[in-house]
Amino acid sequence: MSFPKKKIAYISVDYFADVDLPLLPYLGKEFDLTWFLFISNFNRYNLEELKLYAHNNNFKIELFLIGERSLTFKNLKKFLSFGYKLYKVKFDLYYFEFYMALFMYGIIQFISKKKKILALHDVKPHSNHYKKRQHIFQNLLINSFSYFHTFSSQQHIILKEHYAKESFFIPLAKKNSGTSKVIRPSTNEYLRLLFFGGIHSYKRLDLVIKALEKVVQVSEKKLLLTIAGDGPDWENCKSFISNKSLFDIKIGFVPQNEIPDLFMSHHYLVLPYQDVTQSGPLFDAMNYNLPVIASDEKGFAEFITDGKNGFLFKSQSLESLINRINEVSKMKETQYEEILQNLKSHSDSFSAVKISNLYSKMFFDLCESNNGGI
C-alpha cells in the first residue's frame, strides 16, 4: 500500500537559488514539493528556464517578482497571493529560506511552529551588515520558530549559544552551474587566482590586492588575479591597485552560465573574508575541483584541511596571506595535482545526492512529529 507524498512548501529567494537548484530534483522524488521562489534581481535567472527545470525535475514552481524593495503596496498583493496559496494547499511542512521581509514575517506568524522550519544562512549578520533594527527583527523571527536548519557547525553553535536553540546542521551541497570544456592550464609558468562574488568590506578583497602586489616582487612565477563580481567596496579596493598587469578585472554581475569556465580557468579561489557563516563560492569551487586559499575563520576551517585540500592563512593578516600565495606559487605541478586529488575525494561528501538525503531525513522527521495544522 502506497501513501501520498508529504506536501512541502520550499520558500526561497533568488540569491539562495543556486543553493537550492542541485537539491530540488532529488527532493521532488521524495515529496510533493512546491518551490516558492521570490525574485529580487530580474537579471539573475531566466525565468522560463527555471520553469522548465522544475517541470523536468519532479517539483512545482511558483514565481513572485518583487524586486529589491519588497515593502511596496504592489508587493503586498503578491505576498497576500502567496499566503493564500499556502492556506489553500495546507502543506505538511513549510521550509523558509526567505524571511527577511516584513510581509513574509507577517505570513510566518499564521503558521504553526510545529509545521515550519527556518533555514538560517546567517545566524548573526556579517560585520558590514549589522544594524540594530536588523538584529531586533532577527530576534523576533527566531522566536517565531521551534525548528532550525544551519549550514555550518559554527552557525549551529552560535544559534545554540546566543538563542539557546538547537538546529539541524546540514551543509551546502556542491553548486553545479553547468559543465565546462575548459581544461585547467598548467601551473608551471603562470598562477591564476580568482576572487569571485559580492565585493563587500568583510570579504577583504583589498587584502588580496595588497598581497599580490608584494608577492610579485619576489616570485619567479607570473601571477594574475581575476576579480569577478561587484559590490559596494569595489571603489575602496581598486584604490590599492598600482600594477594593473596583475589583475583581470570583470566588475559586474556574473551570469550563472559563465561560472563553469571561470572556475576551470584558474588554479585557486581566494577567500580572504574576515568573518564567514558559510561560503557559496567555496561550494562552487568544490564542484569544479578548484582549491582555495582562505582565511582561517571557523566557517572555512571546518571544510578545509590546510595543506591537503586547500590552504588557510591567519585571518586579516597581510603577512600570512603573502606567505601563503608565495608558498603555492613555488609548488611543483605534481604537488598541485595531489591537492586536486585530495579535494576531489573530500568534496564527494558534499554531492547533491548525499546532501539531499540529509534534507529528506530532516523533512521526514519533522513531518512525523507534526500533529497541528496551519
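Reply: Start with a term: contact means heavy atoms within 4.5 Å. Note also that this is a predicted model.

Me: Which residues does Phe 363 touch, not counting residues up to four places away in sequence?

Reply: Leaving out residues up to four places away in sequence, Phe 363 touches Ile 8, Tyr 10, Leu 27, Phe 31, Leu 93 and Tyr 95.

Me: How do I read a nonpolar core?

Reply: In soluble globular proteins, nonpolar side chains tend to be buried together. Here the largest nonpolar core has 58 residues, and Trp 35, Phe 263, Tyr 359 and Phe 363 touch the most other members. Helix H15 (residues 352-369) gives the most to this core, six residues. A second, separate core has 34 residues, including Phe 38, Ile 66, Ile 107 and Leu 159.

Me: In what order do the seven strands of the open sheet lie?

Reply: Strands of a sheet pair through backbone hydrogen bonds, either parallel or antiparallel. In this model the order is E3-E2-E1-E4-E5-E6-E7, with parallel pairing. Strands E3 (60-65) and E7 (168-169) are the edges, each pairing on one side only. Strand E6 (residues 147-150) pairs with E7 over two bridges, and Thr 150 stands opposite Phe 169 in E7.

Me: How do I read a pocket?

Reply: Rolling a probe the size of a water molecule over the atoms shows where empty space is left. The second largest pocket holds about 530 Å³ of space. It is lined by 22 residues, and Leu 21, Tyr 45, Asn 176, Ser 177 and Gln 256 are the closest to its centre.

Me: What classes of residue make up the lining of the second largest pocket?

Reply: Nine are nonpolar, 10 polar and three charged. Helix H3 (residues 47-56) gives the most to that lining, with three residues.

Note on methods:
Residues are numbered from 1 along each chain as its sequence is written. This is a predicted model: local features need pLDDT of at least 70, side-chain atom pairs count only at pLDDT 80 or more; totals for chains, interfaces and linings use all residues. Side-chain values use heavy atoms; hydrogens and water are left out. On a 1 Å grid over the protein atoms alone, a cavity is a set of points where a 1.4 Å probe fits but cannot get out, and a pocket is an open set with protein on both sides within 12 Å along at least five of seven lines; lining residues have an atom within 4 Å of a point. Grid points are joined across faces, edges and corners, and a volume is the space filled by probe spheres set on the points. Helices (H or I, at least four residues) and strands (E, at least two) are DSSP runs, numbered from the N terminus. Ala, Val, Leu, Ile, Met, Phe, Trp, Tyr, Cys and Pro count as nonpolar, Asp, Glu, Lys and Arg as charged, and the others, Gly among them, as polar. A nonpolar core is a set of buried Ala, Val, Leu, Ile, Met, Phe, Trp, Tyr and Cys residues joined through side-chain atoms within 4.5 Å. Buried means under 20% relative accessible area, exposed over 50%, partly exposed in between (1.4 Å probe, protein chains only). Two strands pair if DSSP finds at least two bridges between them.
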